[in-house]
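Hi,

Here is the model I said I would pass on.

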Amino acid sequence: MKKTLKVGFWEYIARIILKNRITILGIILALTIFLGFQWRNLAMTYTEANLLPQKHIVNKQYQDFLNKFGEEGNLVVIGFNDKTFFTPKAYAAWNELMMGLKNSKEVELVVSLNDLKKLQKDTIAEKFELVPLIDQTQTKDAAYLETIKKELFNKLPFYEGLLFNKQSGSIRAAVYVNKKIINTAARKTFIIENLIPKIEKFENASGINLRVSGMPYIRTINAENMKGEIGFFIGAALLITSLIFFFFFRSFRATFISICILLIGVVWSFGTLGLFHYKITILTAIIPPLIIVIGITNCIFLINKYQQEIKTHNNQARALQRVISKIGVSTLMTNLTTAAGFATFMITGNDLLFEFGLVTSINVITVYLLTLMIVPIVYSFMDVPKEKHLYHLSKTYLSAVLNWVEYAVRHNRRIIYTIYGLLMVFSIIGVSKMQVSGSLIGEMPKSASFLRTLFSSKKNLMGLCLWK
């Protein structure tokens with residue numbers, strides 16, 4: 001009796017979907033347009049990933065620190081190692097760079113060679129006084145700059161390790177950004193539209209390559225790289241899943257339908273983020289590729305069942321109804337368990353994980369509903385698949401693989417247990433060798449050009465670049 005009611009319910013759902021095809025497609029189109037407009041609310045995050053619960057003792061201590069001392073990651077370091085710096089042309093370009101940064105409203109303080117002081121003996125007053133190291137009126141004299149270089153590296157050890165390194169000959173400047181803009185969009189504007197153009201102008205004028213480091217710079221450039229990676233991963237996920245799909249079905253029509261569904265799923269996932277006004281973080285950025293992978297599985301189940309039904313009785317109406325009533329319930333259970341798994345992140349007490357779990361679980365269900373409705377509706381407007389579209393169902397290589405797996409399970413249990421036992425031991429050894437890293441740059445691609453710049457800065461300045 002329970003089975004009859006269950007089948008009857010899904011047959012009722014199938015009739016609703018097939019009898020209201022135009023209305024359902026209209027609703028889907030309207031929702032897609034609406035969620036597409038929510039993209040205007042999307043923005044990249046301007047803070048580092050914090051995966052601890054808000055009530056965790058470490059988070060509380062860090063928040064107390066911020067309340068007392070304010071934002072701490074506001075230092076940008078600019079360094080170089082070039083013997084041609086102490087020349088009138090290069091120094092003039094450096095001076096212009098430093099003055100330009102000092103005059104920027106986003107900058108609180110700049111400390112560089114231009115600001116250094118030295119002790120000078122006043123024999124008349126019998127005291128020492130602080131005077132500028134560099135007399136700006138003489139910086140056009142190459143001989144004068146050469147004496148400044150010797151004095152800096154040989155007579156001012158106080159500044160060694162702060163603004164220069166005697167052993168490597170490296171020099172740096174410290175730029176302290178306004179703490180109020182560190183976690184806002186103004187930080188990106190300053191780094192991308194102000195700092196980087198000024199640095200490029202200096203490099204073109206002097207021929208000296210600068211190295212840049214510091215938390216504001218790293219976070220901003222990493223966020224910009226993440227934007228490109230989002231598009232790359234979405235494109236790669238679409239390409240790979242589409243190729244695998246086409247390899248099995250050998251149908252451009254079925255592949256095109258699936259791609260359209262997946263693209264709608266991507267629009268909805270980003271639209272959900274915008275609707276909730278959530279930032280794009282390192283976690284929420286992977287939601288669209290996840291939806292693509294999950295959605296293509298639903299498409300495979302539904303389309304394969306439809307083609308099998310057509311091959312069995314060649315009745316399109318019955319085939320579409322059975323696709324919804326038979327496959328709908330099984331895919332519902334798999335998608336519900338997947339959504340529930342992601343929803344567990346919502347109970348961790350962390351805002352970042354909560355947002356990821358909520359948006360992912362919602363979109364897993366929505367992409368299921370999209371495939372359940374769009375696939376039968378679109379095929380209902382098409383002709384019954386021809387024999388060439390069903391040819392892949394008669395191929396035996398998949399059946400051969402499944403038969404081999406079944407035979408191995410039945411007759412080679414000891415071998416299977418042994419292999420899985422060895423894999424378990426290998427996995428335990430691997431887990432024991434895992435290390436916890438608190439480095440921000442550890443999550444960034446080692447091939448990134450700006451990351452090579454950071455390592456170069458650290459090597460040349462011997463720890464002068466203060467990132468955390």
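Let's begin at N314, which is exposed, with a relative accessible area of 51%. Bear in mind that this is a predicted model. N314 sits in the loop between α9 and α10 (316-343). For context, most residues other than glycine have a negative phi.

There is another residue of this kind at H277, again not a glycine, with a positive phi of about 60 degrees. You'll find H277 in the loop between α8 and α9. H277 is exposed as well, since its relative accessible area is 55% and the cut-off for exposed is over 50%.

How do α8 and α9 cross? The axes of α8 (residues 252-275) and α9 (residues 287-313) come within 9 Å and cross at roughly 145 degrees, and the crossing is right-handed. On the α8 side, the contact is made by A254, S258, I261, L262, G265, V266, S269 and F270. From α9 come I287, P288, I291, I292, G295, I296, C299 and I303. Sorted by class, that contact has 12 nonpolar and 4 polar residues, with no charged ones.

One more helix residue to look at is S242, which is found in α7 (residues 215-249). Is S242 buried or exposed? It is buried, because its relative accessible area is 11% and the cut-off for buried is under 20%. Leaving aside neighbours within four places in sequence, S242 is in contact with T255 and I259.

Finally, the strands. For β1 (residues 75-80), 6 of the 6 residues are buried, so the strand is largely enclosed by the rest of the structure. L75, V77 and G79 point one way from β1, while V76, I78 and F80 point the other way, and all are buried.

As for its partners, β1 pairs with β6 (residues 170-177) in the antiparallel sense over 6 bridges.

Have a look and tell me what you think.

Cheers

How values were computed
Residues are numbered from 1 along each chain as its sequence is written. This is a predicted model: local features need pLDDT of at least 70, side-chain atom pairs count only at pLDDT 80 or more; totals for chains, interfaces and linings use all residues. Side-chain values use heavy atoms; hydrogens and water are left out. Axes are lines fitted to C-alpha atoms, for helices over the stretch in contact, and angles run from 0 to 180 degrees between N-to-C directions. Helices (H or I, at least four residues) and strands (E, at least two) are DSSP runs, numbered from the N terminus. A crossing is left-handed if the near helix is turned anticlockwise from the far one by less than a right angle, and right-handed if clockwise. Contact means heavy atoms within 4.5 Å. Ala, Val, Leu, Ile, Met, Phe, Trp, Tyr, Cys and Pro count as nonpolar, Asp, Glu, Lys and Arg as charged, and the others, Gly among them, as polar. Buried means under 20% relative accessible area, exposed over 50%, partly exposed in between (1.4 Å probe, protein chains only). Two strands pair if DSSP finds at least two bridges between them.
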